[in-house]
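Hi everyone, thanks for coming. Let me put the sequence and the structure up on the screen, and then I'll walk you through a few places in it.

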Amino acid sequence: MNTILELFLVFFKIGACSFGGLSMIPVINEEMVGHGWMTLSEVTDIVAIAEMTPGPLGINAATFAGIQAAGLPGAIAASLGAVTCGLTLCLAGSIFLARIKGNPYLERFTYGIRPVCIGIMLATALSLLANYQKAGGGISPAAVAIGLTALWLLLKKNWSVPKVIAAAAALGLVFGGL
């Protein structure tokens, strides 16, 4: 069988049978070493590189493993294989939801689940408040000021999220020690 097709099928299986992230690593390891495309040491290096680069671990690992096994066409095939199952399920779900749009039961369900979503967001916000504490205890005024500035930039100035993140990072570098 063609290596490109094999890479697609292997990563399709990995994408379909694992839950993403670290659960993919043992399967990637077994498949890469089993097909003779990489050594155990190379798989370890690929996983380390995939962890360090931005983006999902599974896609990064698939891309790097595909490059190692068959160059750029291998990277494309492995990446497409890793995302095909998830994209297909998302597409099917969106088609299903579009067909039942306006259904009174769905409307009541989504109305009823709103308080749960708000509760989850508040719980997350409360757990993140620990980041506003100084190392010795107490609340960091600089962290609170940066957080409020970021909120103001988002809501009042309509800045994009990447711009706000960059501004908050810059303010954190300047005032983070306070």
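**A walk along the helices**

Let's start with E31, which is buried, with a relative accessible area of 9%. Buried here means under 20% relative accessible area, exposed means over 50%, and partly exposed is in between, using a 1.4 Å probe and protein chains only. Before I go on, a word on where this comes from: it is a predicted model, where local features need pLDDT of at least 70, side-chain atom pairs count only at pLDDT 80 or more, and totals for chains, interfaces and linings use all residues. Residues are numbered from 1 along each chain as its sequence is written, and side-chain values use heavy atoms, with hydrogens and water left out.

Back to E31, which sits in helix α2. What is E31 in contact with, leaving aside its neighbours within four places in sequence? The answer is V10, K13, I14 and W37, where contact means heavy atoms within 4.5 Å.

Now let's step back to the whole chain. The protein chain has seven helices and zero strands. By way of definition, helices (H or I, at least four residues) and strands (E, at least two) are DSSP runs, numbered from the N terminus. The radius of gyration of the protein chain is 22 Å, well over the 16 Å that the globule rule gives for 178 residues, so the chain is more spread out than a compact globule. That radius is taken over C-alpha atoms, and the rule is 2.2 Å times the number of residues to the power 0.38. Along its principal axes, the C-alpha trace spans about 60 × 50 × 30 Å. Buried residues make up 22% of the 178 residues. Of the contacts with a separation of 6 or more, 44% are between residues 24 or more positions apart.

Next, helix α1, residues 3-17. Its 15 residues reach 21 Å from first C-alpha to last, close to the 21 Å expected at 1.5 Å a residue; the expected span is 1.5 Å times one less than the number of residues. Which residues of α1 are buried? They are L7, V10, F11, I14 and G15. These cover an arc of only 135° around the axis, which puts them on the same side of α1. The arc is that of the directions from the helix axis to the C-beta atoms. As a reminder, an α-helix has 3.6 residues a turn, so residues three or four places apart point the same way. The cover over the buried residues of α1 includes α2 (25-34) and α4 (57-99).

The largest nonpolar core has 19 residues, and F11, I28, M32 and M38 touch the most other members. A nonpolar core is a set of buried Ala, Val, Leu, Ile, Met, Phe, Trp, Tyr and Cys residues joined through side-chain atoms within 4.5 Å. Helices α1, α2, α3 (40-52) and α4 each supply at least two residues of this core, and the largest share, six residues, comes from α4. Look at M32 for a moment: not counting residues up to four places away in sequence, M32 touches L7, V10, F11, W37, M38, V43 and A65.

While we're on α4, have a look at S79, which lies in that helix. S79 is buried, with a relative accessible area of 15%. Beyond residues up to four places away in sequence, S79 touches I59, A62 and T63.

Finally, the other end of the chain. In α6 (residues 141-155), A142, A143, I146, A150 and L153 are buried. They cover an arc of only 100° around the axis, which puts them on the same side of α6, and they pack against α7 (161-175). On the other side of α6, P141, L148 and L155 are exposed.

Between α6 and α7 there is a loop, and N158 is in it. N158 has a positive phi of about 55° although it is not a glycine. Most residues other than glycine have a negative phi. At 62% relative accessibility, N158 counts as exposed.

My last stop is A166 in helix α7. At 44% relative accessibility, A166 counts as partly exposed.
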